[in-house]
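Please look over the sequence and the structure shown below before reading on. The briefing that follows goes through a few parts of the model in turn, grouped by topic.

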Amino acid sequence: MRIGIIGAGRMAQSIGWLAVQAGHDVMLSNSRGPQTLDETSRRIGCVAGTAYEAAEFGDVVCIAIYLQDYQTVPKAPLVRKTVLNPQNYFPHLGRIAELDRGELTTAELLARHLPESRIVKALNAILAEDLIPDARPAGAADRRALPIAGDDLEAKSIASRFLDQIGYDIVDAGLLSEGWRFERRRPVYCRPLGTCALQEMLLATSPDSRVPEGDWYAYRSRQDRHQQ
Ligand SMILES: NC(=O)c1ccc[n+]([C@@H]2O[C@H](COP(=O)([O-])OP(=O)(O)OC[C@H]3O[C@@H](n4cnc5c(N)ncnc54)[C@H](OP(=O)(O)O)[C@@H]3O)[C@@H](O)[C@H]2O)c1
């Protein structure tokens, strides 16, 4: 597949590297232009373009820029495409009233901007620096599972196959409107979990379930960090 990535920072580079290892063709992009990405794209083994070109390039397109910039994402080249949404909401970077009021999930906000695309919330609940070290081949006993959500079954199936190819099991949390269950500060957010533990914790997550800010970093240094 061709994977277009809007963004070329920590998430984009980790996802891009894993995608290239899995045999996909990848295009990264940023706001400053592809001429600033020569060294990065050479290291990852991908190509670089503008954000518009990356959106055109991808069969699947991942939006790896800050959520507050979502309105800069080009619409036309993303019509009918599977769009992965790893974006999390950091209010200190700019408040978004609908999110503060709990009227929309982060993925629904992007879906409202891209009504003709097939949005899948994915890859938001893992730290960029864990993406490469935690990837495992299918069937590995300590394989980590990641949650997804989306309204389009075919897009979710494409996203699931991609996540499996880059090293992760998948738990489907339901529609885009259920994406809040694994947004920032929810119990499963950036917590290494296997499929069963993730399923159970997602189901047990209520609108009041929140962990303290930064709690998830504690799992990085623990020997017993992975819970199946
Ligand atoms: N870091 C994590 O651990 C993590 C984990 C899960 C989810 N996420 C989510 O992933 C997204 C990216 O986070 P990150 O940590 O990778 O950020 P980052 O390292 O700061 O990278 C952001 C990238 O976006 C590019 N960019 C900014 N505005 C753009 C635009 N309008 N068009 C195209 N490219 C643009 C930047 O390029 P320029 O420098 O040229 O502007 C940069 O390459 C965020 O939404 C974040 O919430 C991050």
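A residue is called buried here when its relative accessible area is under 20%, exposed when that value is over 50%, and partly exposed in between. With those words in hand, helix H5, which spans residues 106-113, can be described as mostly covered, since six of its eight residues are buried. Please keep in mind that this is a predicted model, and that the values below are computed from it.

**Helix H5 and what covers it**

- The buried residues of helix H5 are Thr-106, Ala-107, Leu-109, Leu-110, Ala-111 and His-113.
- The cover over these buried residues of H5 includes strand E5 (82-85), helix H4 (97-100) and strand E6 (118-121), and strand E4 also takes part.
- An α-helix has 3.6 residues a turn, so residues three or four places apart point the same way.
- Ser-117 sits in the loop that runs between H5 and E6, and this residue counts as buried because its relative accessibility is 12%, which is under the 20% limit.
- A polar atom in the side chain of Ser-117 lies 2.7 Å from the backbone oxygen of Leu-78.
- When neighbours within four places in sequence are left aside, Ser-117 is in contact with Leu-78, Val-79, Arg-80, Lys-81 and Val-83.

**The nonpolar cores**

- The largest nonpolar core has 34 residues, and within this core Ile-5, Leu-84 and Leu-123 have the most contacts.
- Among the elements that give two or more residues to this core are strand E1 (2-6), helix H1 (10-21), strand E2 (25-29), helix H6 (128-134) and strand E7 (145-150).
- Helix H1 gives the most to this core, with six residues.
- Another core, of 22 residues, lies apart from the largest one, and its members include Ile-6, Val-61, Val-73 and Leu-99.

- Leu-123 lies in the loop between E6 and H6, and it counts as buried because its relative accessibility is 2%, under the limit of 20%.
- Although Leu-123 is not a glycine, it has a positive phi of about 70 degrees.
- Leaving aside neighbours within four places in sequence, Leu-123 is in contact with Met-11, Ile-15, Leu-84, Pro-86, Leu-131, Leu-146, Leu-163 and Ile-166.

**The surroundings of the ligand**

- Which residues come nearest to the ligand, of the 24 residues around it? They are Met-11, Ser-31, Arg-32, Ile-65 and Ala-128.
- Sorted by class, the shell around the ligand has 13 nonpolar, eight polar and three charged residues.
- One oxygen atom of the ligand is 3.0 Å from a polar backbone atom of Ala-8, and an oxygen atom of the ligand is also 2.7 Å from an N or O atom in the side chain of Arg-32.
- A nitrogen atom of the ligand is 3.0 Å from an N or O atom in the side chain of Thr-72.
- The ligand taken alone exposes 900 Å², and the protein buries 83% of that area.

- The side chain of Arg-181 makes a polar contact, at 2.7 Å, with the side chain of Glu-178, and a polar atom of the Arg-181 side chain lies 3.0 Å from the backbone oxygen of Leu-202.
- Not counting residues up to four places away in sequence, Arg-181 touches Arg-186, Val-188, Leu-202, Leu-203 and Thr-205.
- Arg-185 lies in the loop between E8 and H8 as well, and its phi is near 70 degrees, a positive value in a residue other than glycine.
- At 29% relative accessibility, Arg-185 counts as partly exposed.
- Thr-195 has its place in helix H8, and with a relative accessibility of 23% it counts as partly exposed.
- The C-alpha atoms of Thr-195 and Gly-45, which are 150 residues apart along the chain, are separated by 31 Å.

**An exposed glycine**

- Gly-139 is placed in the loop between H6 and E7, and this glycine counts as exposed because its relative accessibility of 75% is over 50%.
- Gly-139 and Gly-167 are 28 residues apart in sequence, and from C-alpha to C-alpha they are 9.9 Å apart in space.

Notes:
Residues numbered from 1 in each chain as written. Predicted model: local features only at pLDDT ≥ 70, side-chain atom pairs only at ≥ 80, totals over all residues. Heavy atoms only, no water. Polar contact = N/O pair within 3.5 Å; in protein donor to acceptor, adjacent residues only side chain to side chain. Contact = heavy atoms within 4.5 Å. Near = heavy atom within 4 Å. Areas by Shrake-Rupley, 256 points an atom, 1.4 Å probe, with all protein chains shown as cover. Nonpolar A, V, L, I, M, F, W, Y, C, P; charged D, E, K, R; others polar. Helix = DSSP H or I, 4+ residues; strand = E, 2+ residues; numbered from the N terminus. Buried < 20%, exposed > 50% of the residue type's maximum accessible area, 1.4 Å probe, protein only. Core = buried A, V, L, I, M, F, W, Y, C linked by side-chain atoms within 4.5 Å.
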